[in-house]
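Me: I would like to learn how to read a few features of a model. Please take me through them.

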Amino acid sequence: VKIFSVDLLTVKNYDISHILNSLSLLRTKFVDDDFNILDIMINDIQKSKLLDTEIHDVVNTVNDIHGVFLSYIFWPNLSPKASMFVYPKVIKDDLEEYEKGYEQFQKDRVLTLHPEQTLVDINIEIGGVNKPFRVTLEKLLVLNFINDSSIKDIKMGIIMMNLKMPLVMVKSSLEFWAKENVLIESHGGWRLNE
């Protein structure tokens with residue numbers, strides 16, 4: 001269950017076909033009862049795709065947000081809740097709008113966003129070329145903070161303090177954007193690669 005949950009939590013675009021193939025091979029060797037929790041987890045991902053599409057039909061946000069809706073008591077590898085982060089107004093407004101869309105379809109349920117399971121589609125201009133990205137919420141927050149900051153080279157500690165984000169997430173986000181050539185390391189800090 002733990003191994004499959006890690007794989008399912010890293011899925012992008014709700015495509016779990018490769019996981020279903022692996023699971024079908026295992027089903028031949030074990031009893032069906034061993035797969036009850038995995039079936040719930042797979043069902044969560046499949047329903048998430050449908051619910052996300054329905055939400056996008058009724059909400060209008062600046063950032064194109066995509067959620068994965070999990071029955072959290074069955075998932076062993078969930079990260080810290082995204083609600084602990086500090087958001088700029090535009091992102092906070094988008095998340096609230098997305099939550100309202102969720103509530104229209106899931107009455108009497110509460111949506112709790114997780115930074116590594118909430119995805120956002122963005123376009124970034126790099127060297128005069130628009131490049132699309134589908135990134136996790138914490139990656140968007142780190143990039144947005146650096147973009148909006150008046151500090152030339154922003155230290156990792158400043159990002160952690162201002163966003164209330166763990167070191168591991170900040171470091172992972174910075175490395176991701178550096179690999180994509182969006183950020184560069186400069187004078188012990190980070191800045192946009194303009």
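Me: What should I know about the model before we start?
Reply: This is a predicted model: local features need pLDDT of at least 70, side-chain atom pairs count only at pLDDT 80 or more, and totals for chains, interfaces and linings use all residues. Residues are numbered from 1 along each chain as its sequence is written, and side-chain values use heavy atoms, leaving out hydrogens and water.

Me: At what angle do helix α5 and helix α6 pack?
Reply: Helices are DSSP runs of H or I, at least four residues, and strands are runs of E, at least two, numbered from the N terminus. Axes are fitted to C-alpha atoms, for helices over the stretch in contact, and angles run from 0 to 180 degrees between N-to-C directions. Here α5 (residues 137-148) and α6 (residues 156-163) pack at about 110°, axes 11 Å apart.

Me: Which residues of α5 and α6 meet?
Reply: Contact means heavy atoms within 4.5 Å. Leu 141, Val 142, Phe 145 and Ile 146 of α5 meet Ile 158, Ile 159, Asn 162 and Leu 163 of α6.

Me: How many bridges join strand β4 to strand β5?
Reply: Strands pair if DSSP finds at least two bridges between them. Four join β4 (residues 183-186) to β5 (residues 189-192), and the strands run antiparallel. Leu 183 has Leu 192 as its bridge partner. Two residues lie between the strands of this hairpin, where His 187 takes a positive phi near 50°.

Me: Is Met 41 buried or exposed?
Reply: Buried means under 20% relative accessible area, exposed over 50%, partly exposed in between (1.4 Å probe, protein chains only). Met 41 is buried, at 0%. Met 41 sits in helix α3 (residues 36-58). Its contacts beyond four places in sequence include Val 1, Leu 8 and Trp 75.
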